[in-house]
Amino acid sequence: MNWRSTHAHWGVLAKAFHWLAALGIFALAAIGLYMVGMPLGLAKLKMYLLHKALGITVLALVLLRLLWRLFDRHPRYPPGMPRWQVGVAHASHALLYLLLLAVPISGWVYNSASGFPLPWFGLVDLPAIAPVSKPLAHLALTVHETAFWTLAALVLLHVAAAIEHHVRQRDAVLARMLPWRTRRAHAISDGENP
Ligand code: HEM
Ligand code: HEM
């Protein structure tokens with residue numbers, strides 16, 4: 001089991017960060033879109049608390065992933081892949097990371113500017129990161145929603161690109177990111193893809 005990524009494969013940590021963050025984003029999107037329409041009451045409050053605590057967890061995962069990325073390598077792209085495609089992949093991943101930071105941080109700013117507390121699963125109370133201010137809360141919420149929908153659109157393109165690699169280009173770009181080892185991922189070795 002390789003913790004670090006190699007020239008040909010993603011390591012266990014990079015895969016774990018990717019899939020945990022992806023799972024978290026899907027859950028947060030569902031909870032966020034559902035909770036805003038709930039009638040006022042204890043159930044709504046509990047959903048908001050869950051959304052915020054899970055959102056902070058995803059923020060921590062993304063920060064850890066970015067830190068680990070400094071010490072980890074990025075597997076090489078298939079030799080025949082055009083340079084422009086590699087450029088688009090790098091640019092879209094950079095934008096994904098930017099949005100993965102912007103969405104939870106704007107949520108945290110909104111929460112702080114509205115004067116709401118931020119308990120993390122009842123274990124610690126996280127501090128406010130902005131002063132209480134109505135205009136700031138309004139701005140932060142607009143950023144939270146806009147950044148979220150931009151992220152959702154980019155994730156759709158991201159998934160389409162992964163499927164395109166797997167089905168049309170028939171390379172190992174998707175296979176080597178999957179949590180389990182597929183036959184296609186097995187077929188490439190570090191020696192074959194130096
Ligand atoms: C990556 C993490 C996150 C995602 C994907 C996400 C996504 C969403 C979505 C889709 C909504 C519904 C927007 C709407 O239709 O109005 C929402 C609302 C909200 N989010 Fe997040 N969120 C994240 C993190 C956070 C964090 C960390 C906080 C606070 C600490 C937070 C606080 C809120 C609040 C308070 C609302 C409700 C706003 C309202 O009542 O109109 N979110 N979020
Ligand atoms: C909310 C959902 C998702 C987010 C936010 C996300 C984000 C990212 C990011 C930021 C990277 C770049 C990793 C790095 O270089 O450090 C990445 C890589 C990757 N993702 Fe996702 N992802 C999501 C869902 C998915 C899904 C559902 C699939 C598959 C169908 C997928 C397939 C891949 C693949 C194959 C790579 C590696 C690309 C490469 O080799 O450069 N992702 N993802």
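**Helices, iron sites and aromatic pairs in a predicted model**

The protein contains 5 helices and 2 strands, where helices (H or I, at least four residues) and strands (E, at least two) are DSSP runs numbered from the N terminus. The model is predicted, so local features need pLDDT of at least 70 and side-chain atom pairs count only at pLDDT 80 or more, while totals for chains, interfaces and linings use all residues. Residues are numbered from 1 along each chain as its sequence is written, chains are lettered from A and ligands numbered from 1 in the order in which they are written, and side-chain values use heavy atoms, with hydrogens and water left out.

Along the sequence, the elements follow the pattern α-α-α-β-β-α-α. The C-alpha trace spans about 55 × 30 × 30 Å along its principal axes. Of the 194 residues in the protein, 37% are buried; buried means under 20% relative accessible area, exposed means over 50%, and partly exposed lies in between (1.4 Å probe, protein chains only).

Two packed helices are described by the angle between their axes and the distance between the axes. Axes are lines fitted to C-alpha atoms, for helices over the stretch in contact, and angles run from 0 to 180 degrees between N-to-C directions. The axes of helix 1 and helix 2 come within 9 Å and cross at roughly 155 degrees. Helix 1 and helix 2 are therefore roughly antiparallel, a term for angles over 145 degrees. Their crossing is left-handed, meaning that the near helix is turned anticlockwise from the far one by less than a right angle. For helix 3 (residues 83-113) and helix 4, the axes come within 8 Å and cross at roughly 150 degrees. This makes helix 3 roughly antiparallel to helix 4, and the crossing of these two helices is left-handed.

The iron atom of ligand 1 is coordinated by His51 (NE2) and His144 (NE2), at 2.1 Å. Donors are N, O and S atoms within 2.8 Å of the metal (3.2 Å for Na, K and Ca); water is not among the atoms, so sites may look incomplete. This pair links distant parts of the chain, with His51 in helix 2 (residues 42-71) and His144 in helix 4 (residues 134-167), 93 residues apart. The 6 donor atoms around the iron atom of ligand 1 subtend angles of 86 to 179 degrees, so the arrangement is octahedral. Six donors count as octahedral if opposite donors are over 155 degrees apart and all others between 65 and 115. Ideal angles for six octahedral donors are 90 or 180 degrees. His51 is buried, at 13% relative accessible area.

His18 is partly exposed, at 26%, and His158 is partly exposed, at 28%.

A search of the whole structure finds 2 aromatic pairs. The ring centres of Trp120 and Phe121 are 5.2 Å apart and the planes lie at 75 degrees, so the pair is edge-to-face. Rings of Phe, Tyr and Trp (its six-membered ring) pair if their centres lie within 6.5 Å, and planes over 60 degrees apart count as edge-to-face. Trp120 is partly exposed, at 26%, as is Phe121, at 42%. The rings of Phe148 and Trp149 have centres 4.9 Å apart and planes at 65 degrees, so this pair is edge-to-face. Phe148 counts as buried, at 17% relative accessibility.

Note on methods. Phe/Tyr/Trp six-rings, centres within 6.5 Å; stacked < 30°, edge-to-face > 60°. Tetrahedral: all angles 85-135°; square planar, octahedral: opposite > 155°, others 65-115°. Parallel < 35°, antiparallel > 145°, perpendicular 65-115°, else oblique.
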